[in-house]
Amino acid sequence: MYAGTAFFAFAVFVCLFVTAGAAMSGDYSGIKYTLAFALFFATIPLYGWSAAPKSNGSLRVEDSDEGSIVRDAWQPFAALLAMTFSMGLPFAFGAYDSLPHPYRWDGLGGTVFFGVVALVFWSYPIAAAAGRLRPGSITFTSDGVRQRGWSYESFLPWESIAGSTAAYNGYPSTLIIGYANAQWERTYTVGRFWRIDRLPPVPLVEVDHRRMRDDAVLLHEFVIRAVGETSVG
């Protein structure tokens with residue numbers, strides 16, 4: 001993480017250096033591109049640092065009429081939002097700069113191409129604005145465990161839950177495991193393109209500690225206790 005941060009910080013510096021040089025020479029045509037890439041390079045380590053297991057000593061469980069709620073951190077979601085928006089900027093600028101002059105159509109192909117690519121990247125902010133993508137949460141209800149991921153929703157009733165355990169698959173997580181014949185309800189909230197987090201192939205609720213806002217150890221203990229107490233009850 002430190003090496004990657006240093007690399008992208010250097011990339012931002014290079015972009016700003018080129019921008020300053022172009023401005024001093026009076027060439028303003030490319031400044032918007034170098035600034036867009038500087039913004040993009042800055043968001044990459046920002047996402048990396050925000051999407052990491054927390055050790056902040058905090059556990060914020062919200063009590064509601066539906067049940068006890070633990071939420072994802074908003075920072076990784078916002079960082080990815082900034083990343084996709086900034087990546088679409090150079091292509092949007094390219095589409096604008098390729099606009100054909102009146103009575104000339106030689107730049108139309110470039111406008112269409114760059115415009116389509118910009119829309120591909122900006123489809124993430126658009127889906128977020130529409131509520132199709134959003135920071136998730138896990139709710140422990142009286143009927144079962146309901147999860148809202150970034151791009152999906154799932155529900156496991158208590159009678160279908162076998163137990164919970166710690167797991168590590170390149171990152172720490174807590175698994176709430178369902179029986180093979182569990183009455184598992186699940187659906188994606190977006191099409192195939194922006195399925196950022198995938199539903200597991202078997203009845204399962206995964207607490208991905210990279211995305212949660214609470215201390216990974218405290219949250220793990222809370223989940224194990226909540227599942228165990230309900231199983232005993």
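**An exposed phenylalanine and the salt bridges**

Mentor: F17 counts as exposed, because its relative accessibility is 59% and the cut-off for that class is over 50%. The model is a predicted one, and F17 belongs to its helix α1, which covers residues 2–25. Together with F10, F13, V14 and V18, F17 makes a nonpolar surface patch of about 530 Å².

Helix α1 also has a part in covering another helix. The buried residues of α2 have cover that includes α1 and α3, the latter being residues 75–97. Those buried residues of α2 are I31, T34, A36, A38, F40, T43, P45 and S50. The length of α2 can be checked as well: its 20 residues, 31–50, should span 28 Å at 1.5 Å a residue, and the end C-alpha atoms lie 29 Å apart, so the two values agree. The expected figure rests on 1.5 Å times one less than the number of residues.

We may now turn to the charged pairs. The structure contains 8 salt bridges, and three of them, described below, can be set against the accessibility of their partners.

One joins D197 to R211, with 3.1 Å between the closest N and O atoms. D197 sits in the loop between β8 (185–188) and β9 (204–208), while R211 sits in the loop between β9 and α5 (216–232); the pair therefore ties together parts that are 14 residues apart in sequence. Both D197 and R211 are buried.

Another salt bridge links the side chains of E62 and R71, at 3.0 Å from N to O. E62 is partly exposed because its relative accessible area is 28%, and R71 falls into the partly exposed class because its relative accessibility is 31%. Both assignments follow because buried means under 20% and exposed means over 50%, with partly exposed in between. E62 and R71 also belong to a network with R213, joined by salt bridges that share partners.

A further salt bridge pairs R148 with E153, whose closest N and O atoms are 3.5 Å apart. Here the two partners fall on opposite sides of the 20% limit for burial: R148 is buried, because its relative accessible area is 9%, whereas E153 is partly exposed, because its relative accessibility is 34%.

Terms used. Residues are numbered from 1 along each chain as its sequence is written. This is a predicted model: local features need pLDDT of at least 70, side-chain atom pairs count only at pLDDT 80 or more; totals for chains, interfaces and linings use all residues. Side-chain values use heavy atoms; hydrogens and water are left out. Patches are made of residues with over 30% relative accessible area and no salt bridge: like charges are joined within 9 Å, nonpolar side chains (Val, Leu, Ile, Met, Phe, Trp, Tyr) within 5 Å. Accessible areas come from the Shrake-Rupley method with a 1.4 Å probe; for residues, only the protein chains shown count as cover. A salt bridge is a side-chain nitrogen of Lys or Arg within 4 Å of a carboxyl oxygen of Asp or Glu. Helices (H or I, at least four residues) and strands (E, at least two) are DSSP runs, numbered from the N terminus. Buried means under 20% relative accessible area, exposed over 50%, partly exposed in between (1.4 Å probe, protein chains only). Contact means heavy atoms within 4.5 Å.
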